[in-house]
Amino acid sequence: MIDELKKKIASTEGVDFAPFGKGIFDEWIIKAEKRLNFTFPETYKWWLKNYMGGEIYGEEIFSIYGSDFDTVVGGDIVYINELNRKQGFSNSEQLVICEGEDGVFYFQNQDGLTNELPVFRDGEYYAKDFIEFLLKRIAE
């Protein structure tokens, strides 16, 4: 599925990610996980490391900006999730990854799952993992 995703990203107008291989460093991912007390799924980490962030048809997929978490704003994953938790829109068992016109997308911690998490939209199952989430968002 990763090869299919890379082809779709490269060939689809309206998908605006950093060039492949220009992602965020592991140390930023570790800092973000610790700050949010949430272990990111492997497919999401793969995307962060390889694409860093970007938009699909104008909707930002939340990423790590690589700036101090206490001063960063916008679509930084730490900023968005701390704000949403503070305002009661999400909780510590969720990691919001996109807020689109058709809903809020997030990972939900699941007992027994360690390396991967499904994506939910407004409480409903949406995709088995982050790669499937991206493929579906590109196709819609």
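Visitor: What is the relative accessible area of Lys8, and does that make Lys8 buried or partly exposed?

Guide: Lys8 has a relative accessible area of 37% and is partly exposed. Buried here means under 20% relative accessible area, exposed means over 50%, and partly exposed lies in between, with a 1.4 Å probe and protein chains only. The model is predicted, and local features need pLDDT of at least 70, side-chain atom pairs count only at pLDDT 80 or more, and totals for chains, interfaces and linings use all residues. Residues are numbered from 1 along each chain as its sequence is written, and side-chain values use heavy atoms, with hydrogens and water left out.

Lys8 belongs to helix α1, residues 2–11. Helices (H or I, at least four residues) and strands (E, at least two) are DSSP runs, numbered from the N terminus. Not counting residues up to four places away in sequence, Lys8 touches Leu135 and Ile138; contact means heavy atoms within 4.5 Å. Ala139 is 131 residues from Lys8 in sequence, yet their C-alpha atoms are 9.1 Å apart in space.

At the start of α5, a side-chain oxygen of Asp129 comes within 3.2 Å of the backbone nitrogen of Ile131.

Two packed helices are described by the angle between their axes and the distance between the axes. The axes are lines fitted to C-alpha atoms, for helices over the stretch in contact, and angles run from 0 to 180 degrees between N-to-C directions. On the α3 side, Thr43, Tyr44, Trp46 and Trp47 meet Phe130, Ile131 and Leu134 of α5. By class, this contact has 6 nonpolar residues, 1 polar residue and no charged ones. Ala, Val, Leu, Ile, Met, Phe, Trp, Tyr, Cys and Pro count as nonpolar, Asp, Glu, Lys and Arg as charged, and the others, Gly among them, as polar.

Helix α3 is itself mostly covered, with 8 of its 10 residues buried. Among them are Thr43, Tyr44, Trp46 and Trp47. Just after this helix, Met52 takes a positive phi of about 70°. Most residues other than glycine have a negative phi. Met52 is not a glycine; its place is in the loop between α3 and β2 (54–56). With a relative accessible area of 25%, Met52 is partly exposed.

Helix α3 also packs against α2. The axes of α2 (residues 26–36) and α3 (residues 42–51) come within 10 Å and cross at roughly 135°. The two helices are therefore oblique to each other; angles under 35 degrees count as roughly parallel, over 145 as roughly antiparallel, 65 to 115 as roughly perpendicular and the rest as oblique. Asp26, Ile29 and Glu33 of α2 meet Lys45, Leu48 and Lys49 of α3. This contact has 2 nonpolar, no polar and 4 charged residues.

On to the next partner of α2: helix α4 (residues 77–86) packs with α2 at an angle of about 5°, their axes 10 Å apart. That makes α2 and α4 roughly parallel. Ala32, Arg35 and Leu36 of α2 make the contact with Ile77, Val78, Asn81, Glu82 and Arg85 of α4. By class, the residues divide into 4 nonpolar, 1 polar and 3 charged.

Gln94 is in strand β4, residues 94–100, and is buried at a relative accessible area of 12%.

Definitions and conventions
Polar contact = N/O pair within 3.5 Å; in protein donor to acceptor, adjacent residues only side chain to side chain.
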